[in-house]
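Please read it with the sequence and the coordinates at hand.

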Amino acid sequence: MATNTDDLVGINEVALMAGVSKQAVANWRVRVSDFPLPVTELASGPIFRRSQIRSWLLRNKRKGKPMTHVFSTINLKGGVAKTTTTVALAETFSANMRKRVLVIDLDPQTNATLMLIGEDKWFELNGKERTLARLFKDAMDPDNRKFDLDKTLQKSVSDVGAAKTVDLLPSSLDLIDVQDKLASAPVGKFYAANPIELLWRAVKTSIDDYDIVMVDCPPNLGIITLNGLRISDGYIIPTIPDHLSTYGIPQIVTRIKDFSEAISETIEPFGIVATKYQANSTVHNNVLKQLRDDEKIPVVMDTIIRQANQVAAAAEFQTYPRTLKQKYGSELATQYDELAHEIWDQLEGGL
Ligand SMILES: Nc1ncnc2c1ncn2[C@@H]1O[C@H](COP(=O)(O)OP(=O)(O)OP(=O)(O)O)[C@@H](O)[C@H]1O
Ligand SMILES: [Mg+2]
């Protein structure tokens, strides 16, 4: 059947039809598994059938199926509440906002994993190699592939009773070894795939099952972290508002910008989240003001997470269900709720 050229559209027209940026369309192509395939690729870019694009757009709108938002939690400084913020937000998105959330734990310290499933379950999974370490090991040992996404994905993991829709891809201490080996392996020798795309290849079709995917990154920008950034639309930077914790922020932003340009993907800095804030600290108040006044770094989110002693106890997984208020205390539960809404508004507004 002959095709009328009026029926063919490029990326520009797709963006116009959808009322989004060209970059958003480029992201859909990469991240949404049922996005129509192009009928051909010209030097100027891919060409799609208009009818397929239109029905895809309608289908997605009719189903009310919004895009999955994927973001990383990152700071090169350790101990600034990256993991606590990730887990608390995941639970809040689920319990208070009915979002389906996936937490991807990329940190070999396995803190998010331990917070969400506890030590016993982690030990069992680690013994069966049902952690993300296996995914990366497979890349270096392609004849002995064992990573099984279905078995590795842990469903409904949180000990917050109302947070039923939090799933987890668990981490392992073995990621330390894996990271070193990936870094020293000559590209092309051990893996058919680009080493920064291993996570993306494994999860790209499953990501559509979620409203939000959050990646808890270790405090470095090694290959494993880059795998997390590769699938992310953006990132948040939790920081204690003191000099040492905020010192590396410009460097993170620059390096992630360079990385995103190198892979031709948008990875937006969504904002800085001030954590462990002590209202009576002159340093905290001064640094917070400096961060807010600094136009060269991402905006500071309005919601500030205070220092609260109860949080240490929250990190311990419980076998009985509890509420967000019981887990984090009433003040912090409210702050996480405000932060979750602030981030959600930004995610939805940004698309
Ligand atoms: N709002 C808070 N008030 C008090 N303590 C907190 C708060 N948030 C986190 N903590 C505590 O601070 C410590 C570090 O938090 P967390 O593990 O989340 O940081 P991190 O940035 O992920 O660290 P790492 O770099 O090791 O991954 C933990 O003991 C945690 O319980
Ligand atoms: Mg952490």
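In this predicted model, the lining of the largest pocket is made up, by class, of 11 nonpolar, eight polar and four charged residues. The pocket itself has a volume of about 430 Å³, and of the 23 residues that line it, Gly79, Ala81, Lys82, Thr84 and Lys276 are the closest to its centre.

**The lining of the largest pocket**

- Four helices, namely helix 4 (82–97), helix 5 (111–127), helix 14 (310–314) and helix 16 (330–350), each supply at least two residues of the lining of the largest pocket.
- Helix 4 contributes three residues to this lining, which is the largest share.

**The shell around ligand 1**

- Ligand 1 is surrounded by 18 residues, of which Lys82, Thr83, Thr84, Lys276 and Arg306 are the closest.
- By class, the shell around ligand 1 consists of eight nonpolar, six polar and four charged residues.
- Helix 4 and helix 14 each supply at least two residues of the shell around ligand 1, and the largest share, three residues, again comes from helix 4.
- Lys82, Thr84 and Lys276 are listed among the residues closest to the centre of the largest pocket, and these residues are also listed among the closest to ligand 1.

**Polar contacts and cover of ligand 1**

- On the backbone side, an N or O atom of valine 80 lies 2.9 Å from an oxygen atom of ligand 1.
- From the side chain of lysine 82, an N or O atom is 2.7 Å from an oxygen atom of ligand 1, while a polar side-chain atom of threonine 84 lies 2.5 Å from an oxygen atom of the ligand.
- On its own, ligand 1 has 640 Å² of accessible area, and the protein covers 82% of that area.

- How many cavities of 30 Å³ or more are counted in the model? The count comes to one, and the largest cavity has a volume of about 40 Å³.
- The residues that line the largest cavity are Arg31, Val32, Met67, Thr68, Val70, Ile207 and Asp208.
- Divided by class, the lining of the largest cavity has four nonpolar residues, one polar residue and two charged residues.

Key: Residues numbered from 1 in each chain as written. Chains lettered and ligands numbered in written order. Predicted model: local features only at pLDDT ≥ 70, side-chain atom pairs only at ≥ 80, totals over all residues. Heavy atoms only, no water. 1 Å grid on protein atoms, 1.4 Å probe; cavity = no way out; pocket = protein on both sides within 12 Å on 5 of 7 lines; lining within 4 Å. Points joined across faces, edges and corners; volume = space filled by probe spheres on them. Nonpolar A, V, L, I, M, F, W, Y, C, P; charged D, E, K, R; others polar. Near = heavy atom within 4 Å. Polar contact = N/O pair within 3.5 Å; in protein donor to acceptor, adjacent residues only side chain to side chain. Areas by Shrake-Rupley, 256 points an atom, 1.4 Å probe, with all protein chains shown as cover.
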